[in-house]
Amino acid sequence: MVEASTAEQVIEVSGGSILSPAGFSAAGIHTKVKRKRKDLGAIICDVPASSAAVYTLNKIQAAPLQVTKESIAKEGKLRAIVVNSGNANSCTGRQGLEDAYTMRKNSAEKFGLPEHQVAVTSTGVIGEAMPMDKINEGIAHLEPETGFERAQDFNEAIMTTDVAGKHACFQTWVDNKAVFIGGVAKGSGMIHPNMATMLGFVTTDAAIEPAHLQTALSEITNKTFNRITIDGDTSTNDMVVVMASGKAENSPLNPDHPDWNAFVTGLKETCESLSKKIARDGEGATKLIEVKVEGAATDEEAGQAAKQIVGSDLVKTAVYGTDANWGRVIVALGYSEVELDPDTVDISVGPVETLKASTPVHFSEEDAKAYLENDTVEITVNLHVGNGSGKAWGCDLTYDYVRINAGYRT
């Protein structure tokens, strides 16, 4: 047993993965749905895992989302998540829904599970029929195992235009027992979650009932995954699923548990790390942009303003061009629909102060340009109307974004 020095200590686990929590195994294989990379993966839990999920708010929702919602609603427990990439199974009519159910049924048979303990999800091109012959054959060949390499296989299997895999792992302590939280995500374009093509999968060995896990995930999603934007498009397939095996054998977590905050912090750190990696890997991106808004009326309004700024195409192109054009920041702030005083706004680009009390500050353009050449750019805004604060993440907008999306289907 590992003891924490403080009740809420949370540390990042070097070399950790979605398989660091006890009770999980994974696989990722190539079924030829995509030309080269792995395109079918599975995460399996040894026991029925308490599960929670958040989904896209796009009114057009892909068939796999409907099936996964049904599975989790049955008893709040999952044993398996099976994911394919290369085909979204979205806007595919009645046949698409039947294909999603078939994918769930065949996965349940493969792993010897009740169908309602299997979640399925898909990502890729919208509006094309699922190549079920390849999917079904692939399911039959899934052989989940433990270890970092299998976690990497799963990570690759869920990627589409992603340049890099995205994984995170943190450790905390509950009842003086080590608890791990691991996550993996995909997403590079069509990212503006309102829960893009964004998928996130998180595992933990904490003991927690589904309802409390859902409470934690919903709150955290609004401060992490819902605070990233790459291109303003919300996909039909966005989904984040958390599975908790309970194998850490702590007393079940709930908001009254003395270590509840430690667990929530660990889950938030995992989701925030994945969110930032999605933003950094935006299609064609060269820079991660982090916007922090302070002094807002509420935390919610701070987050709203931050996301509006980081989502502005003019802000994104200015960052790409290493131009400290703070006017674009205050314009985006002005239409963010948050409470503000036009005479009290401060703006800084990294360490360079550009606006103080809504009055321009003389600054070195050379210093600002040098800062904007970094691969991470921070923009800070203080509204001076309250105590609210919040962050949002995005990326610069480049020529390559147009190139990638102009030829997405080809």
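1. Strand 7 and strand 8 (residues 199-204) run antiparallel and are joined by six bridges; two strands are taken as paired if DSSP finds at least two bridges between them. Strands here are DSSP runs of E with at least two residues, and helices are runs of H or I with at least four, both numbered from the N terminus. Within this pairing, V184 has F201 of strand 8 as its bridge partner.

2. The model is predicted: local features need pLDDT of at least 70 and side-chain atom pairs pLDDT 80 or more, while totals for chains, interfaces and linings use all residues. Residues are numbered from 1 along each chain as its sequence is written, and side-chain values use heavy atoms, with hydrogens and water left out.

3. Strand 7 also pairs with strand 6 (residues 166-174), in antiparallel fashion, through nine bridges. K166 lies opposite A185 of strand 7. The hairpin of strands 6 and 7 has two residues between the strands, and D175 adopts a positive phi near 55 degrees there.

4. Strand 7 (residues 177-186) is largely enclosed by the rest of the structure, because seven of its 10 residues are buried. Buried means under 20% relative accessible area (1.4 Å probe, protein chains only). Of the 410 residues of the chain, 55% are buried.

5. The chain comprises 11 helices and 15 strands. Its radius of gyration is 22 Å, close to the 22 Å of the globule rule for 410 residues, so the chain is as compact as a globular protein of that length. The radius is taken over C-alpha atoms, and the rule is 2.2 Å times the number of residues to the power 0.38. The C-alpha trace spans about 70 × 55 × 35 Å along its principal axes.

Conventions:
Buried means under 20% relative accessible area, exposed over 50%, partly exposed in between (1.4 Å probe, protein chains only).
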